[in-house]
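Hi,

I'm handing this one over to you, so please have a look when you get a moment.

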Amino acid sequence: MTKSSKGQNIELDLDRVAANGLLSRRHLLSAALGGAGLAMARPVIGQEPGINLEIPAWSKTPGPGTSPYGNRSAHAQLERQSGFGNPLYPGGGASRSPLQHLQGTITPNSLHFERHHAGIPAIDPAGHKLVIHGLVHQPLVFDYEDLLKYQMVSKIYFLECSGNSGALLYGGNPDGTAQSLHGLVSCAEWTGIPLSALLEEAGLLPEARWIAAVGADAASMGRSIPLDKAMDDSLLALFQNGEPVRPEQGYPMRLFNPGWEGNTSVKWLTQIKVTRNPLQFRDETSKYTDTLPDRTSLQFTFPMDVKSLITSPSGQMRVTQGDIYRVTGIAWSGAGSIRRVEVSADGGQTWGDALIESQQLDKALVRFSIPWKWNGAPAVLQSRATDSAGNVQPTRDAVIAAKGTINRYHNPCIQSWGVNTAGEVTNVYV
Amino acid sequence: MYTFRRMLKASTLAAFSAAVLVSTAQEQVKLGQAITEVSLAKFDLIAEPSGTGFPAGSGTAQQGRTIFENRCAACHGSKGEGNSDATVLVGGNMQSAATPLRTVGSYWPYASTVFDFIRRAMPANAPKSLTDEETYQVAAYVLYLNGLVAEDEIMNAQTLPQVRMPNAEGFIDQSHIQ
């Protein structure tokens, strides 16, 4: 920790790892040990005039007791942000996680992003059935109560809508936040039955190659999934972060395909038909397909690409000249775990390695950070992730060069947050 | 009431390495109740490109016009012109210089999807309220508006899946990347 008293210049003691103010992470670690907050340039020796600590009022009055269901502080009222919706199409729409206000890697269930195609069905689990049929030896139907008796596994996985960050491809939402631009990604512990166990119980016929998964919502939304995935790591998820999956996430049960575009993890799962070929549902032909510049379209683009995002400082925040910030964000990959996250403060000219603060689990969010001192000059903050398969997150220019600007899906591009001389942080394209 | 199954296969366990220690020590239950495909007649709405799953019945665009105007036109317009990019059903050209309008006619690769989607999800404010007969009629009308079938052409389990879609060859299957 720099031992400077108020007014002294501590610039000489700052250990820089990349241009434009990126510092060695020891500046964050030493700050944590010393109990200081964000702004380490402030003095730690001496006394700020005017600070006289007293016992606060809440330490003098007994508070309320226990409650049947916990609630958040009135001072921490994070919310999802609802997006589009057609008033004539009830229940269709999406809501986005408040990424810029979250820390760690687990998304609270109330703040997990949503995407519904015909609203949230009000399902009584006693009346819900899961059918497995098609190319099987014995078609089966399962009751919810019976499924609870199966051996389960618990895994922490991210879930990302393949439309996440799509606005960046056509240059829209210049004033967006981390939430409005990228909030269709969340991460939770999912507990459920390996789908392979249920498929093996029905008995697969030799010609089986795909499954069709259909939900019990008003759209009866369906997707086709290759059988290899279903037999590998797909889950019939019954619990999310320890509690029954919430209605907006598929109560009483959903399919969960780790690392794959969110739409394939069909919510309110009620039907699995084992088939020879994909079924060509609306949501795998008309939607969730990527039209290229030559006007052909990629179909069944399943794994989500390696990606990262600085969540703070981020769009619509403001930074103060001379302060040191914990630049932090999240990274993930559908192809494995995150090996490395680099951060740039000069629009990608120089990079410094960020600290990975969390576990580096397969197909799960990681949290990264790096200290940064804003010197008052314009800056562009970026992060760039590398996964365990060696994939490196591409620039926006590279994504557009490869896939053009007609496509709106599967955009993993590096996010650039511009900082102007007033300290205002906005989405920029570099 | 139920029988225990043998231990999970090794291949299953490999995919869930964290569960290996637990699963090898215990046995998976087997609680699915046997059913027949016949019992799914009112449950299974999947209409496949091969024609499998299409119900009995038939309809023409002529018959579908009134239903479409009463039940669909509020969002899709009486000629399928829609009131947004998300609701337009007709027109578009994938080879246009500007960003192509992607509709049933210009983009959808399979006619079976038209029937399948209408039957499972439309009309959006009252899905599954059309009879199979009406579904054939409305699907025929949507295909007719796109110039893909004649106004009096009978659409049924045999003919509808055979309707040739202009963009049928426009897709590249990426499913080998997992």
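A term to start with: a residue is buried if 20 or more other C-beta atoms lie within 10 Å of its own, exposed if 12 or fewer, and partly exposed in between, with the C-beta atoms placed from the backbone. By that count, buried residues make up 39% of the 178 residues in chain B.

Some housekeeping. Residues are numbered from 1 along each chain as its sequence is written, while chains are lettered from A and ligands numbered from 1 in the order in which they are written. Keep in mind that this is a predicted model, where local features need pLDDT of at least 70, side-chain atom pairs count only at pLDDT 80 or more, and totals for chains, interfaces and linings use all residues.

**Chain B overall**

Chain B has six helices and six strands. Helices (H or I, at least four residues) and strands (E, at least two) are DSSP runs, numbered from the N terminus. Along the sequence, the pattern of chain B reads β-α-α-β-β-β-α-α-α-α-β-β. As for contacts, two residues are in contact if their C-beta atoms, placed from the backbone, lie within 7 Å. Taking the contacts in chain B between residues at least 6 apart in sequence, 59% join residues at least 24 apart.

**Where the chains meet**

How many residues of chain B are in contact with chain A? There are 57 of them, and they touch 52 residues of chain A. Several elements of chain B each supply at least two residues of that side, among them α1 (10–15), α2 (20–25), α4 (73–76) and β6 (171–173). The largest share, six residues, comes from α5(B). By class, the side of chain B that touches chain A has 31 nonpolar, 17 polar and nine charged residues. Here Ala, Val, Leu, Ile, Met, Phe, Trp, Tyr, Cys and Pro count as nonpolar, Asp, Glu, Lys and Arg as charged, and the others, Gly among them, as polar.

Two strands pair if DSSP finds at least two bridges between them. An open sheet of three strands runs in the order β16(A)-β17(A)-β6(B), with mixed pairing. β16 (290–291) of chain A and β6 of chain B stand at the edges, each with a single partner strand, so one side of each is left without a neighbour in the sheet. Three bridges join β17 (residues 297–299) of chain A to β6(B), and these two strands run parallel. In that pairing, Ser297(A) stands opposite Phe171(B), and Leu298(A) stands opposite Ile172(B).

**A helix pair in chain B**

α5(B) also packs on α6 (residues 132–145) of chain B, at an angle of about 135 degrees and with the axes 9 Å apart. Axes are lines fitted to C-alpha atoms, for helices over the stretch in contact, and angles run from 0 to 180 degrees between N-to-C directions. The two helices are therefore oblique to each other; angles under 35 degrees count as roughly parallel, over 145 as roughly antiparallel, 65 to 115 as roughly perpendicular and the rest as oblique. From α5(B), Ala111(B), Val114(B), Phe115(B), Ile118(B) and Arg119(B) meet Thr135(B), Val138(B), Ala139(B), Val142(B) and Leu143(B) of α6(B). That contact has eight nonpolar, one polar and one charged residues.

In the loop between α5 and α6 of chain B sits Pro123(B), and a cis peptide bond joins Met122(B) to Pro123(B), with omega about -10 degrees.

**A buried strand in chain A**

Is β11 (residues 222–226) of chain A buried or exposed? Five of its five residues are buried, so β11(A) is largely enclosed by the rest of the structure. Gly222(A), Ser224(A) and Pro226(A) point one way from β11(A), and Arg223(A) and Ile225(A) the other way. Five bridges join β10 (residues 210–215) of chain A to β11(A), and the two run antiparallel. Ala212(A) has Ser224(A) as its bridge partner in β11(A).

Most residues other than glycine have a negative phi, and most peptide bonds are trans. Ser165(A), in the loop between β8 (153–160) and α3 (178–182) of chain A, has a positive phi of about 65 degrees. Ser165(A) is buried, with 26 other C-beta atoms within 10 Å. Lys363(A) has a positive phi of about 55 degrees and counts as buried, with 25 C-beta neighbours inside 10 Å. The peptide bond from Ser312(A) to Pro313(A) is cis, with omega near -5 degrees.

Cheers
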